[in-house]
Amino acid sequence: MKCRVACIITVGSEITRGLVQDTNSHWLASRLSSLGVTVKRIISVPDDKSEIAWALKSCLEISDIILVTGGLGFTADDITLEASAEALGVKLILSSEALEMIKSRVRGEVTYHVKAAYIPEGSKPLYNRTGISPGVHLVLNTKHIFFLPGVPIEMKTIFEDHVEPLLASTTYFSRTLLVRTKHSTEAEVYRLLEPLKYKYTWAYFKTHAKTPVEVVVVVQASSLVELEERIRSLISDLEKTLLIESIEYLETHISD
């Protein structure tokens, strides 16, 4: 699975009204970054079909992986899957596999819980061993969309059981560079680097307000050959853009 750019969407009016603090996106961003996945956008939206649809369509334009948390429960305002199915132009169907997962978690007869067994057509339910509502994985035109419960312990469990192994199955390589410049102000370096940030979307730039200014650059690739090619191209442009004192290779990381 060659996916390296992600967006995170947290759904819940309790979040946008300031009643509950969103910790899911922070945790997910940290875990995704450790897997070599670049998080491009984090969005919080209320329990509103049009807002959920907008967030999903917006994220599909810029990322290969989308993680949506919240709104998978059994109440009237749990509309994430319904809104997403409509936005993506697919049907919401009763999944027998999801229903069996729910039955295994509910003591007694399944009644209102059945709502959580309706998932977008073509998607796969993800077993939830700490709660009732399954997660959902949908592949749409090579893009991967994961729907996870909003309850943090359930979200984390499904991510670790299902999402993380899938994302970690792809080997990626990254190298960190320390660029010591001859510039005295961080604002100047930040301005000069703006065109490179747009050009090299697979690189992360972080300026440090030292005298002279330093820049840490993390370059990612799917192979060592590609990594070396990207670094050569990037260094060439850095040397044309900044006044550089030295460039030091800090570390190379391989994840598989």
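Trainee: By class, how many nonpolar, polar and charged residues does the lining of the largest pocket have?
Mentor: This is a predicted model, and its largest pocket is lined by 15 residues. By class, that lining has nine nonpolar, four polar and two charged residues.

Trainee: Which elements give two or more residues to the lining of the largest pocket?
Mentor: The largest pocket has a volume of about 550 Å³. Among its lining residues, T38, T201, A203, Y204 and F205 lie nearest the centre. Two or more lining residues come from each of these elements: strand 2 (38-45), helix 7 (186-199), strand 10 (203-208) and strand 11 (214-221).

Trainee: How many helices and strands are there in the chain?
Mentor: The C-alpha atoms fill a box of roughly 70 × 40 × 30 Å along the principal axes. Of the 256 residues of the chain, 48% count as buried. As for its elements, the chain has eight helices and 12 strands.

Trainee: Which residues of helix 4 are buried?
Mentor: Helix 4 spans residues 80-88 and is mostly covered, with seven of its nine residues buried. After helix 4 comes G89, which has a positive phi, near 75°. The buried residues of the helix are T80, L81, A83, S84, A85, A87 and L88.

Trainee: Is L94 buried, partly exposed or exposed?
Mentor: L94 lies in strand 4 (residues 92-94). Together with L92 and Y118, L94 makes a nonpolar surface patch of about 240 Å². Buried means under 20% relative accessible area and exposed means over 50%. The value for L94 is 43%, so this residue counts as partly exposed.

Trainee: How many residues apart in sequence are the parts that E164 and R31 tie together?
Mentor: A search of the whole structure finds 14 salt bridges. One of them is formed by E164 and R31, with the closest N and O atoms 3.0 Å apart. Because E164 lies in helix 6 (residues 152-168) and R31 in helix 2 (residues 24-34), the pair ties together parts whose separation in sequence is 133 residues.

Trainee: Where in the chain are K124 and E97?
Mentor: K124 and E97 form a salt bridge, the closest N and O atoms being 3.6 Å apart. K124 is partly exposed, at 45% relative accessible area, and E97 is partly exposed too, at 39%. The pair links distant parts of the chain, 27 residues apart. K124 is in strand 6 (residues 124-126) and E97 is in helix 5 (residues 96-105).

Trainee: Which residues does a cis peptide bond join?
Mentor: The bond has an omega of about -5°. One of its residues, P212, has its place in the loop between strand 10 and strand 11. The cis peptide bond joins T211 and P212.

Trainee: Is G131 buried or exposed?
Mentor: G131 lies in the loop between strand 6 and strand 7 (135-140). Buried means under 20% relative accessible area. G131 has 8%, so this residue is buried.

Trainee: How many Å apart in space are G131 and Q21?
Mentor: In sequence, G131 and Q21 are 110 residues apart. In space, taken from C-alpha to C-alpha, the separation of G131 and Q21 is 21 Å.

How values were computed. Residues are numbered from 1 along each chain as its sequence is written. This is a predicted model: local features need pLDDT of at least 70, side-chain atom pairs count only at pLDDT 80 or more; totals for chains, interfaces and linings use all residues. Side-chain values use heavy atoms; hydrogens and water are left out. Patches are made of residues with over 30% relative accessible area and no salt bridge: like charges are joined within 9 Å, nonpolar side chains (Val, Leu, Ile, Met, Phe, Trp, Tyr) within 5 Å. Accessible areas come from the Shrake-Rupley method with a 1.4 Å probe; for residues, only the protein chains shown count as cover. A salt bridge is a side-chain nitrogen of Lys or Arg within 4 Å of a carboxyl oxygen of Asp or Glu. Helices (H or I, at least four residues) and strands (E, at least two) are DSSP runs, numbered from the N terminus. Buried means under 20% relative accessible area, exposed over 50%, partly exposed in between (1.4 Å probe, protein chains only). On a 1 Å grid over the protein atoms alone, a cavity is a set of points where a 1.4 Å probe fits but cannot get out, and a pocket is an open set with protein on both sides within 12 Å along at least five of seven lines; lining residues have an atom within 4 Å of a point. Grid points are joined across faces, edges and corners, and a volume is the space filled by probe spheres set on the points. Ala, Val, Leu, Ile, Met, Phe, Trp, Tyr, Cys and Pro count as nonpolar, Asp, Glu, Lys and Arg as charged, and the others, Gly among them, as polar.
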